[in-house]
Amino acid sequence: MSSPERALAISRPGIGLGARVAIVGGVLLLEKTFLNLFVDFASAQSAEGLGAVLRVTQHWGFRFLVSFAIAAAVFGYLRGGRGLQDVDVSARGLPALRPLWLVAHVMLFLPLIPLSFTLYGRAAALPLAALVVVWLLVATLAAAALLGSLGTWALFRQAVHALGNLWWYAALAAAGAALAMGWTQGLWTGMATLTFEVVYRLLSWLVPTLQVDPASLLIDTGHFGVVIAPICSGLEGMGLMLAFCTVLLVLFRREYIFPRALLLIPAGVLLSFALNIARIAALVLIGDAGYQSIAVYGFHSQAGWIAFNAAAVGIALVSLRSSWFSRAAAAERSRSTAVENPTAVYLLPYLVLLLAGMLSRAVSGGFEDLYWLRLVAGGVALGFALPRLRGTDWRFTWKGTLAGLLAFVLWMVAARLLLPPQGMPRALAALAPVSRAAWVTGHILVSVAVIPLVEELAFRGYLMRRLRSADFESVAPGDSGPGAVIISAGVFGLCQGAHWLPGVLTGLIFGLLYLRTGRLGESVAAHVILNALIAVAVVAGSLWQLW
């Protein structure tokens, strides 16, 4: 296929290969997270024999598979070539969804719930070895059916061949990351001492009353103390960064300018070490300021993961777009022109809202008392996006109101089936009346004024039409098709977490409303009605599980 023909085919409506693979990966990750709810992790930690082997294999195997999938996707995206472009063109000519295969996937996924529940000897009717074999067989068939629901076997076989040697690079990156995590464990003790010394030197400038115990690696401010355990030394993150940078250089060896590109390896390792030092120092300062629960339960569990992902993505993107490191970037800069990307206008508010939620949870303890950060961040992002959406039809009629009422009824019924009753969180009830009222008011404002606009722009305004064509702004809402409605509703529902079932049903209602009326204002109005009624049910009916 010639370049003009390929460009014309890519611009036509349809779901590309990348979107189909992303949907498969997202669904599998959410389903795995859902199945974790039924696993007895207490029994898993104390398991011996085959159970212990299963626990260790699952731990490292899952890390390898996730790393392998991400590496293959990133490397394929950055260096796909004509082969993958041709496969993408073929994918756009296929139906958005194959319903029979999707039904098969659901029917195969459901048995995994009781199978996961009975792992590690809890009411198991089969020996553990037989149970593991059955679980793996059913899970493999379920994953295959999910693939079949989003494309033909010929399509995915062509994609595998098109990636060529990239599979080996992805496997090398994943194996290197897993081995680095295991290999570096033996060096943790010495590295913990170095980390202790650097953190102590840094904090001594900020906390004059700092006390330390080098024998136990204790750092104590008088109000809050931490012990630099070997696992907190940062060596695991440095090993991951070493593996990531090495594979990055090998894969893009033709683009990078050597030997200067070799500087990325020490730069990445040092950046990982510095971020770990900053994480521990910030943890101590947060605890010393009186926010011990935030430091222990929020920041400690979130900051390391956020820092590593930000560092890895930052090194890859910055280096491959730097004319000093990359030949391709220098050539691209000479012929590129500034073009506004409409995707950012539709997705930026949603991404900003997610980031605000991540930061809010990271700096909160067991109770997210900084929920109002979403209001500020979402408001700023919408202030950027809305002026650039002058062509959007924001009008609404009684249809939006009726759809919102119907969605509320379905949400209540489905939520009662999935979630146990829950009263007001203890931390919220312990607040002063004014603080409690302010928190509830902020939550209502986010739910009614921010979330409907943000989510409708992302899932209906963007995703539904993007599933039809890369030039989504040229697609009329009525031309999106039922397949786009179903897929966008599924993604929307999965993003609702424990409320996935009412989320899917609500997504179908809002998607059909947008498809029929062609007005985003209708689905926004329906979303506002739904969230407002849920807020009433929470505050007046004490149905706090809905929040």
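View 1. Leu-419 is buried, with a relative accessible area of 17%; buried means under 20% relative accessible area, exposed over 50%, and partly exposed in between (1.4 Å probe, protein chains only). This is a predicted model, in which local features need pLDDT of at least 70 and side-chain atom pairs count only at pLDDT 80 or more, while totals for chains, interfaces and linings use all residues. Residues are numbered from 1 along each chain as its sequence is written, and side-chain values use heavy atoms, with hydrogens and water left out. Leu-419 sits in the loop between H18 and helix H19 (426-429). Helices (H or I, at least four residues) and strands (E, at least two) are DSSP runs, numbered from the N terminus. Not counting residues up to four places away in sequence, Leu-419 touches Ala-498, His-499 and Gln-545; contact means heavy atoms within 4.5 Å. Leu-419 and Ala-498 are 79 residues apart along the chain, yet their C-alpha atoms are separated by 7.8 Å.

**View 2. The largest nonpolar core.** This core has 57 residues. A nonpolar core is a set of buried Ala, Val, Leu, Ile, Met, Phe, Trp, Tyr and Cys residues joined through side-chain atoms within 4.5 Å. Tyr-346, Trp-439, Leu-530, Ile-534 and Leu-546 have the most contacts inside it. Elements that give two or more residues include H2, helix H16 (342-362), H20 and helix H23 (520-541). H20 gives the most, with 13 residues. Tyr-346 is in contact with Leu-457, Ala-458, Gly-461 and Tyr-462, among others, leaving aside its neighbours within four places in sequence. Another core, of 30 residues, lies apart; among them are Leu-84, Val-87, Leu-248 and Phe-325.

View 3. H2 (residues 17-36) has 20 residues and reaches 29 Å from its first C-alpha to its last. That is close to the 28 Å expected at 1.5 Å a residue; the expected span is 1.5 Å times one less than the number of residues. Leu-17, Arg-20, Ile-23, Val-24, Val-27, Glu-31 and Leu-35 are buried in H2. They lie on the same side of H2 because they cover an arc of only 130 degrees around the axis. The arc is that of the directions from the helix axis to the C-beta atoms.

**View 4. Ser-447 within H20.** Ser-447 lies in helix H20 (residues 433-466). It is buried, at 5% relative accessibility. Its side chain reaches the backbone oxygen of His-443 at 2.9 Å. Leaving aside neighbours within four places in sequence, Ser-447 is in contact with Pro-452, Asn-531 and Trp-547.

**View 5. Phe-308 on helix H14.** Phe-308 is found in H14 (residues 292-320). At 21% relative accessibility, it counts as partly exposed. Phe-308 touches Gly-237, Leu-240 and Met-241, not counting residues up to four places away in sequence.

**View 6. Backbone details.** The peptide bond from Phe-258 to Pro-259 is cis, with omega near 10 degrees. Pro-259 lies in the loop between helix H12 (235-251) and helix H13 (264-288). Leu-217 has a positive phi, near 60 degrees, in a residue other than glycine. Leu-217 is in the loop between strand E1 (211-213) and strand E2 (218-220), and is buried at 12% relative accessible area.

Notes
Polar contact = N/O pair within 3.5 Å; in protein donor to acceptor, adjacent residues only side chain to side chain.
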